[in-house]
Amino acid sequence: MDAVTSPDSSPRIVFIDVDGTILEHGSVIAPSTVTAIRAARRGGAIVYLCTGRSAGDIHPAVREIGFDGVVSNGGAFAVRIDADGTEEQLVSHLMPRAATERMIGYFEDHGIHYFLQTDDGVHASEGVGAAADEFFRQGRERHTEDLRALGLDDDDAPLPAISYRPLGEVDLDQVAKATFISAGSDTLAHAQRELGDTFHVIPGSIPMPGGSNGEIALLGVNKGSAILEVLEILGIDASDAVGIGDSWNDVEMFEVVGTAVAMGGADPDLQAKADFVTSGVLDDGVHRALVRVGLV
């Protein structure tokens, strides 16, 4: 197979996750990742970010790598980015207000901290900051060691994991996704039982010793569904698509792309769903993956 086209001369496309794939969970980008993505695009491949983050919460250092489009909010939105930086909306699936209010009611009734995501940002419920800040503090402690391992300047400031706004500022008609942080170890299973008739409830990627973390979207809205919509618009066959990720919100992506690549360090059950496993995020994992699929 040619490096950037399939046998029928259609372009190949890569959908690549952010946290745990491009970013070491909000702190470091390996230089080889930047080099590999840019090399793939120069060679003619199409490369889209494919993230659970809001578009407004993607750090500029990630965007500066350069991409042809973005799937965000776990598949609720997707845009194509033209050469001049102009964005064209391809996918948009907002939660109906009634569904959002039901979900908020569940969180409030059970004392669960949560974030509500819109296309342009993340809004945090009262009290969520303390739980999230501890996770971020641990990330900052790892940051200096990560930079030294990569031979980078350890005076550089770590990239923030999440930039959140007060919950009171959110427009409930513009919510696309929620993330929750709970002190209860059984909240993920309980949320699935209570909300699973309307919502897609999956494990999140924030480590919560003794507690639980999850992501909630509308049923049928996920990275895989958005990828299929994007591929149809672009006229590209799914067999010519590569997906690279590390979290449970990447499962549906793995199910629809021609080649699914799990990062080293991903959950073993997720790795088992991949066509192959590359190395870790700071061990040239993205670069190795793009080399193996013939795009670098």
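Before the first stop, a working definition: a residue counts as buried when its relative accessible area is under 20%, as exposed when over 50%, and as partly exposed in between. Keep in mind, too, that this is a predicted model.

**Stop 1: helix 6**

Select residues 223-234, which make up helix 6. Which residues of this helix are buried? They are K223, G224, S225, A226, I227, V230 and L231. (The expected span is 1.5 Å times one less than the number of residues.)

Then look at the two ends. At the start of helix 6, show the side chain of N222: one of its oxygens comes to within 3.0 Å of the backbone nitrogen of G224. After the helix comes G235, with a positive phi near 70°.

**Stop 2: the aromatic pairs**

Next, show the aromatic rings. How many aromatic pairs turn up in a search of the whole structure? There are four. Zoom in on F107 and F180: their ring centres are 6.1 Å apart and their planes meet at 50°, so this pair is classed as tilted. F107 belongs to helix 3 (residues 97-109) and F180 to strand 9 (residues 177-182), so the pair ties together parts that are 73 residues apart in sequence.

**Stop 3: a charge over a ring**

Select F276 and R292 together. The charged end of R292 sits over the F276 ring, 4.0 Å from the ring's centre.

**Stop 4: two positive phi values**

Stay in that part of the sequence and pick D284, in the loop between strand 14 (276-277) and helix 9 (285-292). D284 is not a glycine, yet its phi is positive, near 60°. With a relative accessible area of 28%, D284 is partly exposed, because the range for that label lies between 20% and 50%.

Finish at N73, in the loop between strand 3 (69-72) and strand 4 (77-81). N73 is another non-glycine residue with a positive phi, near 55°. What is the relative accessible area of N73? It is 0%, so N73 counts as buried.

Conventions:
Residues are numbered from 1 along each chain as its sequence is written. This is a predicted model: local features need pLDDT of at least 70, side-chain atom pairs count only at pLDDT 80 or more; totals for chains, interfaces and linings use all residues. Side-chain values use heavy atoms; hydrogens and water are left out. Helices (H or I, at least four residues) and strands (E, at least two) are DSSP runs, numbered from the N terminus. Buried means under 20% relative accessible area, exposed over 50%, partly exposed in between (1.4 Å probe, protein chains only). Rings of Phe, Tyr and Trp (its six-membered ring) pair if their centres lie within 6.5 Å; planes under 30 degrees apart count as stacked, over 60 as edge-to-face and the rest as tilted. A charge sits over a ring if NZ of Lys or CZ of Arg is within 6 Å of the ring centre and within 35 degrees of the ring normal. A polar contact is a pair of N or O atoms within 3.5 Å; within protein, one must be able to donate a hydrogen and the other to accept it, and residues adjacent in sequence count only if both atoms are side-chain atoms.
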